[in-house]
Amino acid sequence: MSDLRNLNKPQQQAVEVTEGPLLVLAGAGSGKTRVLTHRAAYLIDEKGVKPWNVLCITFTNKAAREMRTRINDMVETGANEVTVSTFHSLCLRILFKHAQLLGYDPRFEICDTADQKAVMKQVCKDLEVDTKRFKERTFINAISNAKNELKSPADYAHEAFGDEWYEQVAKVYDRYQRVLKASNTMDFDDLIMQTVNLFKREKEVLEGYQDRFRYIMVDEYQDTNTAQFELIKLLSAKYRNLCVVGDDDQSIYRFRGANIRNILDFEKFYPEAVTVRLEQNYRSTQNILDAANAVIANNEGRKVKSLWTSEGEGDRLNFRQLESASDEAMFVAEDIRAQVKAGRFKYGDCAILMRTNVQSKEFEDAFRVMGIDYDLVKGLRFWDTKIIKDLTSYMMTVASGMNDMRTARIINVPARGIGAAGIEKIRAYATLHGLSMLQVCHDHVDEVPSLGRTAKKAKEFADMVYSLRERSADMSYSQLLTSIIMDFEYDKQMDADADTPEKYNELKDYVDKLKEALDVYEESTPEPDLVDFMRQNGLEGNNLSSSAGGAVIQRELTPEEEEEQREKKVLIMTMHNAKGLEFPNVYLVGMEDGLFPGFASVFSEDEEDMEEERRLCYVAITRAKERLTMVCAKHRMINGETRYSKTSRFIKEIPIRLMDMKLPDRERGGGGFEPEVPAKVKAIPRRSENVYSNYAKAMKGSQIGVRGELSYGVSDRVRHVKFGEGTVLEIKNGGRDYEVTVEFDSCGVKRMFAGFAKLVKV
DNA sequence: TTTGAGCTAGTCTTG
DNA sequence: CTAGCTCAAA
């Protein structure tokens with residue numbers, strides 16, 4: 001049960017304010033999950049709130065699971081009655097019950113990312129959109145943004161004001177939405193938007209849920225978008241017991257619709273709101289926190305917070321500039337090995353955090369060379385994998401064949417002579433006659449005009465489906481899957497998809513994983529149903545990692561596996577992926593202007609872009625518990641050309657007193673790699689003046705194209721590797737580098753930094 | 001219809 | 001550089 005003595009003062013306050021709106025500004029590592037779980041327990045055990053009146057909303061399944069177990073551990077009775085759910089699965093459950101009111105069949109399916117793409121392709125073709133000019137991907141993003149802003153196709157068209165692009169999006173959006181509805185499907189954004197629509201339209205339904213969820217808590221509130229904000233606003237409108245927990249400094253998902261104003265303006269929306277700040281950090285040393293505080297203090301739009309710990313200063317932060325990207329990786333690998341040898345950290349205590357995924361390659365190579373086990377956390381999700389999508393589509397087609405999206409996906413996988421043109425003809429005939437594509441293939445192929453040879457192939461395919469359907473009556477789902485792979489020769493496809501033996505094994509692992517998931521589902525569900533299985537799992541975003549051994553494991557592990565991983569494996573992941581995690585020994589890599597902060601934010605007019613990047617830096621720094629090392633390279637290959645970069649401005653925002661230029665104590669292990677550092681740097685004792693001068697030297701070494709080094713001036717002719725020849729219009733001293741404006745003969749005026757552009761006078 | 005050569009574009013990413 | 005996709009030849 002909840003014991004408030006385990007909490008610090010602000011934490012206690014956050015737990016005890018149970019009535020009315022409450023904003024908890026929870027800095028990184030300040031124990032917000034603790035507060036949330038204690039709060040749930042306090043409501044139920046102390047305030048006598050019924051468990052089923054409590055709702056906890058999170059963003060990720062992982063967070064929901066964690067919250068669930070912790071609430072179960074803490075709440076004395078009825079913990080299972082507390083609703084702990086992600087936004088999407090909450091909405092899914094609500095829509096499930098009231099789909100008819102919105103004109104959907106209650107057995108609607110979820111359209112995931114891959115399905116979206118297929119639909120969009122179709123839509124663009126139907127509307128004869130020039131996909132060279134307007135990319136499918138861009139439309140999908142635009143539609144997603146529109147839905148996150150609760151804009152209907154009509155709203156969108158209304159706001160287009162004759163702008164060609166917006167007009168185009170409005171048309172595509174409208175068509176896309178019709179296709180989804182016709183196939184009784186909702187995409188992820190629909191789940192939220194349609195629930196909001198439902199609540200706005202059906203007052204009694206809304207009131208039912210308001211009475212059900214009298215106490216609402218929202219985690220990671222800074223990541224909410226407009227639709228989610230609206231949803232919460234509606235749900236909490238009657239009782240106004242809304243507790244939101246978040247950290248505006250950790251808002252790093254603007255690019256996918258998160259609206260930081262939701263948290264910044266919370267007190268404006270709810271004037272009676274109580275605000276609690278959690279600033280005591282239980283994760284990192286004071287030096288790490290000071291660095292994080294110093295960096296984030298450069299942001300304008302934020303609620304001022306300052307993290308502190310009672311645990312002491314700890315080590316200073318390490319910074320090193322290496323020559324190239326591979327040197328950077330080798331340096332990190334060597335440093336990790338030295339730390340492990342010294343007995344200070346285990347491999348599993350170490351994490352490499354990078355800005356972009358492409359940076360991982362060098363580190364993988366370095367770790368492989370040094371024989372260090374690692375895990376690369378990929379953004380790829382299990383249910384989004386081609387093979388899983390194929391196999392589940394097969395299963396659904398064999399089971400019912402009602403969903404043309406799924407049938408179309410696999411009808412020619414592996415290739416069996418039914419090409420795109422043939423599929424279109426079958427689809428057209430099916431829509432015309434209100435049949436499914438599978439029915440057409442089975443019963444009406446000869447009526448489809450000009451199918452030619454394809455007709456026979458399509459019939460054969462349908463016959464196989466029907467034959468397996470009959471035999472499948474007393475098969476388990478996993479047996480059905482095995483039969484599918486045999487009957488439809490899917491192993492041929494696996495061969496085609498895998499160019500290496502490792503890849504092939506990976507695919508086989510996926511098949512086994514799917515079988516396992518099917519078995520588990522079937523055994524634990526009284527009335528197993530494939531649509532239900534798909535719906536549940538479609539929302540589960542298990543991330544995958546791939547490791548040196550080629551084995552594939554899911555990110556969510558059993559405790560034993562997790563323990564093993566902690567011991568043995570260095571983790572490589574993006575900074576975004578690291579949010580919410582913590583590691584004793586952290587490496588921030590690629591700390592270069594143009595990489596982190598990224599290109600776009602450096603050149604952006606919008607100051608907010610740089611601020612978001614800085615928040616990401618804040619998130620990255622605060623992942624470290626004990627030791628933080630930041631590294632960068634003077635040059636690296638980006639998009640096929642060598643790019644020279646200056647040290648990240650974020651490094652320069654960290655006070656020098658927190659930095660340590662000392663080299664790590666490395667035992668010579670015969671790795672054959674000697675970092676390129678002047679010998680005298682190693683010998684210098686750790687005195688601050690010297691630290692400063694080394695620091696300054698390191699900084700200076702990174703200055704490419706400083707004053708006086710430009711070989712050209714205004715109105716000179718210059719050559720650029722990519723853009724060709726042009727005339728220099730303007731040279732501006734941007735402080736750290738020159739900003740050069742050039743009019744290129746072939747592609748017009750471009751503005752660039754001299755250090756990046758490598759312009760040559762001609 | 002299939003396959004492979006050539007072109008293009010290139011943050012981050014939950015459900 | 002390289003992954004992913006389009007288009008042209010077989």
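Predicted model: local features only at pLDDT ≥ 70, side-chain atom pairs only at ≥ 80, totals over all residues.
Residues are numbered from 1 along each chain as its sequence is written, chains are lettered from A and ligands numbered from 1 in the order in which they are written, and side-chain values use heavy atoms, with hydrogens and water left out.

**Exercise 1.** Find which residues are closest to DNA strand B.

*Solution.* Start with the term: a residue is near a strand if one of its heavy atoms lies within 4 Å of it. By that rule 29 residues surround DNA strand B, and the closest are Thr-60, Asn-61, Arg-355, Arg-381 and Thr-574. Sugar and phosphate make up 47% of the DNA strand B atoms that come within 4 Å of the protein. Next, look at individual atom pairs. For a base, turn to Asn-639: an N or O atom in its side chain is 3.5 Å from a base nitrogen of DNA strand B.

**Exercise 2.** List the residues around DNA strand C.

*Solution.* They are Lys-117, Lys-132, Asn-639 and Gly-640. Now zoom in: a polar side-chain atom of Lys-117 lies 2.8 Å from a phosphate oxygen of DNA strand C, while a backbone N or O atom of Asn-639 lies 3.4 Å from a base nitrogen.

**Exercise 3.** Check the span of helix H5 (residues 113-126).

*Solution.* The expected span is 1.5 Å times one less than the number of residues. With 14 residues, H5 should span 20 Å, and its end C-alpha atoms are 20 Å apart, so the two agree. Then visit the ends: a side-chain oxygen of Asp-112 caps the N-terminal end, 3.1 Å from the backbone nitrogen of Ala-114. Just after H5, Glu-128 takes a positive phi of about 50 degrees.

**Exercise 4.** Which strands are joined to S15 by bridges?

*Solution.* Four bridges join S10 (residues 350-354) to S15, running parallel, with Leu-353 partnered by Leu-588. Five bridges join S15 to S16 (residues 624-638), also parallel, and Leu-588 stands opposite Met-630.

Key: Polar contact = N/O pair within 3.5 Å; in protein donor to acceptor, adjacent residues only side chain to side chain. Helix = DSSP H or I, 4+ residues; strand = E, 2+ residues; numbered from the N terminus. Pairing = 2+ DSSP bridges.
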